[in-house]
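Student: I'd like to learn how to read a protein model from the big picture down to its strands. Can you walk me through one?

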Amino acid sequence: MNNEEERYLNLLSHTFPTVADAAGEIINLEAILNLPKGTEHFLADLHGEHEAFIHVLKNASGNIKRKVSEIFGNSIRETEKKELCTLIYYPEQKLELIKAVEQDIDDWYHITIHQLVKVCREVSSKYTRSKVRKSLPEEFSYIIEELLHERSDDQDKAAYVAVIVDTIISTGRADDFITAICNVIHRLAIDQLHILGDIYDRGPGAHIILDTLRQYHAWDIQWGNHDMLWMGASAGNDACICNVLRLSLRYANLATLEEGYGINLVPLATFALETYGDDPCTEFIPKLLKGISMDDKTLQLTAKMHKAISVIQFKQEASIFHRRPEWNMEDRCLLETIDFEKHTCTIAGKAYEMKSCNFPTIDPNHPSEMTEEETALMQKLHHSFRVSEKLRKHIRIILSHGCMYNICNQNLLFHASIPLNADGTLKNVEILGKQYAGKELMSYIGQLVRAAFQNDSPADLKQYAKDYFLYLWCGKDSPLFDKSKMATFERYFLSDRDTYKEEKGNYFLLRDSEEICDRILDAFGVSGTNRHIINGHVPVHASKGENPIKAGGKLMVIDGGFSEAYHSETGIAGYTLVYHSRGFQLVQHEPFTSAQDAIIRGTDIKSTTQIVEMSTHRMLVADTDKGEELRHQIADLKNLLYAYRHGIIKEKRN
């Protein structure tokens with residue numbers, strides 16, 4: 001044993017000061033290795049759909065409904081099972097409805113508490129008592145633990161269990177207890193949650209999703225391009241701020257901006273009315289999603305704001321593209337190619353007719369220059385984003401829980417792509433004069449993103465990092481975009497639809513190949529016989545027969561269109577990938593009505609489960625990354641035992 005090993009064991013001995021302590025921990029860890037693997041849930045591209053997201057968490061992608069059905073079988077009616085599931089999902093709201101109609105509430109409490117204990121016992125069965133205990137609310141910890149580990153069919157304990165339930169009811173704590181045990185069921189039904197990017201944009205509740213995740217027990221995120229846009233806005237990238245505002249106005253979704261983060265849009269509205277008051281802004285009429293209605297006056301104002309911020313966006317982007325010529329994106333400075341007399345725009349040497357050419361803030365001789373009024377407006381918007389404490393808090397959460405990729409239990413997780421050459425080899429991408437590819441590229445981008453928020457970053461690196469958010473949003477070799485261009489300008493202003501086409505990068509063209517997927521997995525050091533790539537970003541067109549399982553099962557694409565904006569395109573309303581001790585299941589969801597509808601009518605998200613891959617044996621903790629970590633801990637503890645027993649280290653007895 002060398003000095004370094006002995007020094008480490010001395011440190012370990014402070015945690016386990018005696019032979020008995022070390023041996024006891026070894027016994028505990030060995031036992032944990034033989035428990036069933038915890039259930040992992042994978043979600044992608046939530047896009048602000050907070051009600052559907054929260055419901056999927058509450059029903060564990062249909063897992064709770066399945067367990068209720070298995071536990072009670074034909075012993076209770078289907079309507080009772082539905083009522084019980086709804087109570088588990090929304091205990092506080094459902095209790096109020098039940099108490100308003102239930103004639104014998106004490107009897108209902110007795111029946112329901114026993115039913116909930118059975119469900120809780122089932123979802124807790126794969127965990128140690130210690131882990132379950134840590135999941136219990138402090139005020140009911142002892143009571144729930146007693147009920148979970150005592151069976152009412154045990155005649156010796158039946159009276160004991162009955163008295164516990166009677167006392168909960170007689171002391172007026174039944175509602176609180178039911179709410180508490182329902183929350184424990186939510187907590188234990190999902191062991192780890194993986195978000196594969198794009199919490200933001202389109203839907204109204206990205207801030208609510210992040211408030212929910214703040215309280216969640218175990219989750220991680222692989223950043224998406226829309227998340228990166230909001231991170232850039234928070235860091236002070238004005239082009240990102242414009243993009244965030246433009247997308248919000250495009251879908252008439254101002255709730256996250258105004259209610260979530262307190263962004264003041266009055267200066268933008270004032271500027272838009274003054275500048276585009278006589279412009280119908282036809283191309284900028286927002287897309288109204290479900291639940292959003294606007295009178296004509298508000299619709300017109302939103303369209304004017306939409307156009308105003310879009311024009312400023314193109315100017316801000318041009319400023320960065322000119323500052324960073326190494327990105328090779330100066331061809332996207334399309335305001336500079338407009339012929340204002342002919343009403344055409346030139347792209348790749350070809351002139352295209354403009355739908356409209358009303359640009360009162362553009363000087364044809366200096367088209368990318370901001371006017372004084374635009375500059376003043378941008379300063380106000382910049383300030384509003386930078387001083388939003390809640391936005392900063394949410395971005396810190398995204399930073400602390402995420403990065404560009406994650407490797408977990410032989411699965412490589414990332415949002416969109418890994419840049420590839422045409423032959424499927426990893427593509428070198430230049431950043432600050434150095435070439436990066438594959439794992440090194442993703443890791444360095446993660447470091448660069450964090451540099452934008454660190455006060456001790458060198459000024460030039462921090463400025464580059466701040467600019468780079470825009471490249472990550474729309475750059476050709478960005479792992480979060482990976483297309484030939486982002487045709488925002490063309491879609492707004494050009495009539496020729498051929499100009500809208502965005503050529504996908506090689507990853508999207510080659511990802512059906514098992515060989516290519518294996519090459520990527522090898523490059524990231526993912527080993528094992530059942531390894532996979534899991535990502536989102538590009539909606540799977542289920543309605544057209546597209547299969548989310550690709551490359552012979554090596555790749556799973558789980559963007560099924562959570563956002564309502566994609567429902568008509570994909571034909572469904574999102575996927576959840578579930579990885580439990582028996583294997584992988586892909587859950588395909590139908591559109592969610594609303595939480596209110598679920599509470600009142602007991603409606604659930606209709607889901608179809610597809611078995612993707614089942615294991616030949618029930619997977620244990622020993623088969624996971626956690627198991628590998630525990631084996632290392634056990635080996636260290638055995639070395640500590642050896643050191644104690646051979647006098648190398650003395651026990652620290654009181």
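Predicted model: local features only at pLDDT ≥ 70, side-chain atom pairs only at ≥ 80, totals over all residues.

Student: How many helices and strands does the protein chain have?

Tutor: There are 27 helices and 17 strands. The radius of gyration is 28 Å, close to the 26 Å that the globule rule gives for 654 residues, so the chain is as compact as a globular protein of that length.

Student: And what share of the residues is buried?

Tutor: Buried means under 20% relative accessible area. In this chain, 55% of the 654 residues are buried. Contacts are worth a look too: of those between residues at least 6 apart in sequence, 71% join residues at least 24 apart.

Student: Now the strands. Which way do β1 and β2 run, parallel or antiparallel?

Tutor: Strands count as paired if DSSP finds at least two bridges between them. Here β1 (residues 40–43) and β2 (residues 192–195) run parallel, joined by four bridges. For example, histidine 41 has leucine 193 in β2 as its bridge partner.

Student: What does β2 do with β3?

Tutor: Those two also pair in the parallel sense, over three bridges, with β3 covering residues 219–222. Look for isoleucine 195, whose bridge partner in β3 is isoleucine 221.

Student: How does the chain get from β2 to β3?

Tutor: Through helix α12 (residues 206–214), in a right-handed β-α-β crossover.

Definitions and conventions. Residues numbered from 1 in each chain as written. Heavy atoms only, no water. Right-handed = clockwise from strand over helix to strand, strands pointing away. Rg over C-alpha atoms; globule rule 2.2 N^0.38 Å. Buried < 20%, exposed > 50% of the residue type's maximum accessible area, 1.4 Å probe, protein only. Contact = heavy atoms within 4.5 Å.
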